[in-house]
There are 2 protein chains.
Amino acid sequence: MAIYTPNALKSELNERGWRLTPQRETILKLFQNLPEGNHLSAEDIYQKLQDQGEPISLSTIYRTVKLMARMGILRELEFAEDHKHYEINQPYPYHHHHLICVKCNKTVEFKSDAALKIGSKTCEKEGFHLLDCQLLIQAICPQCQRSIVPE
Amino acid sequence: MAIYTPNALKSELNERGWRLTPQRETILKLFQNLPEGNHLSAEDIYQKLQDQGEPISLSTIYRTVKLMARMGILRELEFAEDHKHYEINQPYPYHHHHLICVKCNKTVEFKSDAALKIGSKTCEKEGFHLLDCQLLIQAICPQCQRSIVPE
DNA sequence: CTCAAAATTGTGTATGATTCTCAATAAGCT
DNA sequence: AGCTTATTGAGAATCATACACAATTTTGAG
């Protein structure tokens with residue numbers, strides 16, 4: 001969970017035999033400039049880059065976010081919807097977790113050092129290399145609790 | 001997070017204007033009889049019921065697991081694959097969390113009361129009704145760390 | 001700086017999980 | 001027992017995501 005400059009990204013890619021491309025740099029920048037708490041779907045990324053006049057194909061976007069998620073640069077978020085969302089994987093103390101309403105998908109972000117610690121200790125114990133750690137709470141928000149309509 | 005008998009399931013369904021059907025009961029039983037640590041995809045459920053001689057259509061299976069997840073009876077697990085897995089949402093002290101290798105999908109289950117507490121406190125504070133709370137750790141397992149092959 | 005090897009991109013197409021439609025059936029209430 | 005309304009099953013439809021491959025670009029060596 002580090003903050004990536006274009007050069008840091010390049011080194012880390014090259015280390016693994018991968019390459020830094022303008023597309024990958026563009027996508028990283030997009031996420032880095034996103035206001036905290038925003039998360040984008042592949043389609044969102046596609047649209048934003050289109051609007052910015054830096055179009056990148058959807059295929060490349062899918063490939064890139066998957067790659068960056070596996071590198072620990074992006075977090076892959078799975079809420080109740082039918083598509084994934086991505087956000088930058090920020091280091092402590094910006095790291096946060098998600099509370100999600102399974103009915104309306106409203107999400108609340110919250111921080112918890114304790115959860116982070118549990119995550120890193122567990123990884124250590126099992127010999128895993130930590131990429132991301134999120135406490136995911138599925139719940140029903142106050143509004144939806146009051147809603148009379150079933151489903 | 002309660003243990004459901006058929007009758008308890010019926011009451012809870014009826015409360016919301018829904019109905020208890022043989023299919024729903026069969027699916028609940030299937031999960032309740034599953035050895036701890038097992039989680040099934042929709043397709044897995046379909047196959048198992050087929051083999052048991054209690055076939056249920058895939059449509060119904062998808063509808064049922066979604067319903068039960070929203071009721072808090074099942075947990076919806078999203079690992080790195082392209083399909084969801086479900087498991088029974090067990091109460092403390094059986095409740096557990098997941099550590100997943102993003103490369104090979106190996107999963108390790110672990111318990112953590114602390115994570116549970118953070119979850120319930122957060123819900124309380126925000127006025128949400130807790131359904132499920134999981135600490136999801138994405139990481140790279142020892143074997144995959146050693147692997148030379150990229151991607 | 002130049003060049004070859006190998007990774008990456010974009011376009012179009014394929015895949016596969018999940019949802020939808022709708023007629024037939026069955027649960028729950030009076 | 002009968003009526004209302006949820007549920008089921010079969011198949012078709014959707015939609016996110018992955019794939020194939022030719023053209024292009026990055027990297028590292030000389």
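Modeller: The surface near DNA strand D has seven nonpolar, twelve polar and nine charged residues. Here Ala, Val, Leu, Ile, Met, Phe, Trp, Tyr, Cys and Pro count as nonpolar, Asp, Glu, Lys and Arg as charged, and the others, Gly among them, as polar. The model is predicted: local features need pLDDT of at least 70, side-chain atom pairs count only at pLDDT 80 or more, and totals for chains, interfaces and linings use all residues. Residues are numbered from 1 along each chain as its sequence is written, while chains are lettered from A and ligands numbered from 1 in the order in which they are written.

Around DNA strand D there are 28 residues, and A:His83, B:Trp18, B:Thr21, B:Ser57 and B:Thr60 come nearest. A residue counts as near a strand if its C-beta atom, placed from the backbone, lies within 6 Å of it. At least two residues of this surface come from each of helix H1 (6-15) and helix H4 (58-71) of chain A, and from each of helix H2 (22-32) and helix H4 (58-71) of chain B. Helices (H or I, at least four residues) are DSSP runs, numbered from the N terminus.

As for the two chains, chain B is superposed on chain A by a rotation of 180° with 0.0 Å of shift along its axis (RMSD 0.1 Å). The two copies are therefore related as by a two-fold rotation axis. The superposition is by least squares on the C-alpha atoms of residues with pLDDT of at least 70 in both copies. In chain B, the residue closest to the rotation axis is B:Leu135, at 2.1 Å (C-alpha).
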